[in-house]
Amino acid sequence: MTTAPTPQSAPIATPTEDALPRRYANFATLGEALDYAATGVRGLNFHDARGTLVRPYGFAELRDDALTTARRLIAAGVAPEDRIALVAETSAEFAALFFGVVYAGAWPVPLPLPTSFGGRDSYIDQLRVQLGSCDPRMLIYPPELADMAKAAAEACGVEGTDWASFAEQPAPDVALPEATSDQIAYLQYSSGSTRFPHGVAITHEALLNNLAAHSHGMAIGPTDRCVSWLPWYHDMGLVGCFLSPVANQVSTDYLKTEDFARRPLAWLDLISRNQGTTLSYSPTFGYDICARRMSSQTKASDRFDLSRWRVAGNGADMIRPDVMQKFVDAFADAGFQASAFLPSYGLAEATLAVSLMPPGEGIRVELVEETELSGADRDGNRPQRFRAIVNCGKPVRDMTVEIREEDGTPLPERAIGKVWCKGPSVMVGYFRDPAATEACMADGWLDTGDMGYMSDGYIYIVGRAKDMIIVNGKNHWPQDIEWAVEQLPGFKAGDIAAFAITTPGGEETPAVLVQCRSSDEAERGRLRDAIRERVRSVTGMNCVIELIPPRTLPRTSSGKLSRAKARNLYLAGEIKPYDIAA
C-alpha cells in the first residue's frame, strides 16, 4: 500500500473531466468496474478538517494498491467467501483494503467507527456483536483504534491487525480468483444493528444494477463531481459515495464524518471550490446543521458559491420540508437553487436506491389529513390536522414498488400501507439468518418495513411501520410528536425520542424523552408541563414526559436517533430521568 506524498508541493486533486468514455456501472463485477476506472485519470480525494486536500488517490493507484492487498490477503491464508471485517474510516487505506478483499474473492464487511457518545466499552461491544454475526477471518482497523478494535477481536477469537502492520506483510505474486456476477460482493450492516445485527448480503450483480440505476436517475454528466462527508459504514456513504464514484468514474472529494461534525460548513466550502457541477448527498440533519451555523448577520455569498450544486440529494431519514426551506433561506444568496434538492428513498436491503426524484423537480409536498395517516375515522370533535409528506421520487430503473395491506393485498393509488419493492438489486438475504430473511422477503419481494403510498408514479414515505405508536386503535407516528416538541424554544432535532410503552394496567401509551439543558428544577417542571400541553394539542394524547440529561439519547452508527434503543434503555432503567417535583 502506498504512502501519502511528502509535502514538497501542494497536492493536486484528480480531474473532474476525463477523455475516458463513461460507462454507467455496466460491468459484471465490482473488480471489473475498478479495472476500467483505473484506465482514466479520475479518482478519490481526501481532505482535512478545514477542507484542505491532503491525499489525491487516482483510481489507477487505488487499483494497484488493491491488487497488492489481495495478494497479501491470500498469502495470509484468506480464501474465497471468507469475511474480512474492516473498520470503515474514510481513507485511502480503507478503499484499498475494501477492493483488495474483493479482488481476493473474499467479502469485505465495513464496520463503524466509534461515535462521540457511548464510550470505549460501548464501541467494543458493538464491534464484538457484529464480529460474532459475520464470523470474519480477520479484522483490520486503523492504528489509532488498536486498543478498542483488538479487544473486540480477542473477545471473538478473531485475528486482528491494524492496517499499517498488515501493509508490512508479504504480498507474493499469486493468481487471483475469477469473480462472477452472482457471487456475494460484500456484507452491509444496517446502521441500527447493534444488539441483533443483520448482515445484508449483496451480489456483484445487485450492486452494479443499483449503481447503474441511480447514475441514470441522476443523469450523471461529464462535468459532475461528487462531494461527501457521509460515513463509509452506512449504505448511503459506502454505496452511493464510494462504490458509485468508482463504478461510474466520478472524481470525489471527501471530508471525514467527524470533521464535518466539528466544522459542517467545510462541506459547503468544498462544494464552492468545485469548478464542475456538484453531486452531494446528506440526510436532513446535515442541511439543518449548516443552516443553523449561518449567522443571520452574515451573507452566505461572502463565503460560498453554491450555484453549481446540481444535485443536493436528501435521504437516509425522514425528509423535513421545513428544514430544507431554512437551508434555502440561508444559502439562496450564495446561488443555491431549491430545484437542486433531490429527495430519495432507499435501504441497505435494496443495495441502496429504491426511488429518486427526477433532477430539477426539487421537493414536492402533499398535505395528508392525520386520520388518513392513522387509519381511523375522524370523530368530528377535533379540528382537521394535516402533515406534510415529501415526494421521494419514482422507482429507479428495474425497481418495482407496491403498497400493500398487512396481509399482503396490493392497495390502490393514494392508499397508505406497507412499502414492498422488487428488483435485481434486492439483497440475497441476511447472512446466516434465514428466519429474518423469510420474515421480510417473499417471491423476490422485499418488505421494507416502511409505510407509504403511491401517487401518479411517485412514492411518498410516511414513516416506519415498526416505530408506529398505536393508542386506542389509532396510529401515531413518533416523528409527529418529536416535531411538535421541537417547535418549543430551546429544543432541536435529536433532542426528543417518542415511543410506545405499556402501563401497569396493560394500556399502550406514548413516552417522550426530552434532553433538557436546564439545571433549575423549577424550570424543568415548567418545561415538562409545556411539553405535555404541546403534545396534547398536536396529538390529543396524554403522554409520559421524561426530561433527561443532554447527550443521553442513543444514536445509530450514522448519527440518527435510535428510538428502539432509547426505549430499551429507558425500560431497563439505564436512561435515568431528572427527578421533578409534581
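Mentor: G100 is found in helix α3. Helices (H or I, at least four residues) and strands (E, at least two) are DSSP runs, numbered from the N terminus. This is a predicted model, where local features need pLDDT of at least 70, side-chain atom pairs count only at pLDDT 80 or more, and totals for chains, interfaces and linings use all residues. Residues are numbered from 1 along each chain as its sequence is written, and side-chain values use heavy atoms, with hydrogens and water left out.

Trainee: Is G100 buried or exposed?

Mentor: Buried means under 20% relative accessible area, exposed over 50%, and partly exposed in between (1.4 Å probe, protein chains only). G100 has 0% relative accessibility, so it counts as buried.

Trainee: Which residues does G100 touch, not counting those up to four places away in sequence?

Mentor: Contact means heavy atoms within 4.5 Å. With those neighbours left out, G100 touches A66, T69, A70 and L73.

Trainee: How many residues of α1 are buried?

Mentor: Six of the eight residues in α1 are buried, and the helix is mostly covered. The buried ones are L30, G31, A33, L34, Y36 and A37. Their cover includes α2 (59–75), α3 (92–103), α7 (204–217) and α8.

Trainee: D35 belongs to helix α1 (residues 30–37). What is the relative accessible area of D35?

Mentor: D35 has 30%, so it is partly exposed. Beyond four places in sequence, D35 is in contact with R63 and Y103. The next term is the polar contact: a pair of N or O atoms within 3.5 Å; within protein, one must be able to donate a hydrogen and the other to accept it, and residues adjacent in sequence count only if both atoms are side-chain atoms. The side chains of D35 and R63 make such a contact at 2.6 Å.

Trainee: Which side chain makes a polar contact with that of D235?

Mentor: The side chain of H234 does, at 3.0 Å. D235 lies in helix α8 (residues 235–247) and is buried, at 11% relative accessibility.

Trainee: What is the nearest side chain of opposite charge to D162?

Mentor: For charge, Lys and Arg count as positive and Asp and Glu as negative; His and the chain ends are not counted. A salt bridge is a side-chain nitrogen of Lys or Arg within 4 Å of a carboxyl oxygen of Asp or Glu. D162 is buried but has no salt bridge, and K150, the nearest side chain of opposite charge, is 8.5 Å away. The side chain of D162 does make a polar contact with the side chain of S165 (2.8 Å), and reaches the backbone nitrogen of A164 at 3.0 Å. D162 itself is part of strand β6 (residues 159–162).

Trainee: In what order do the nine strands of the open sheet run?

Mentor: Strands of a sheet pair through backbone hydrogen bonds, either parallel or antiparallel. Two strands pair if DSSP finds at least two bridges between them. Here the order is β2-β1-β10-β9-β11-β12-β13-β14-β17, with mixed pairing. The edges are β2 (53–58) and β17 (394–395), each pairing on one side only.

Trainee: How many bridges join β1 and β10?

Mentor: Three bridges, in the parallel sense, join β1 (residues 43–47) and β10 (residues 252–254). F46 has Y254 in β10 as its bridge partner.
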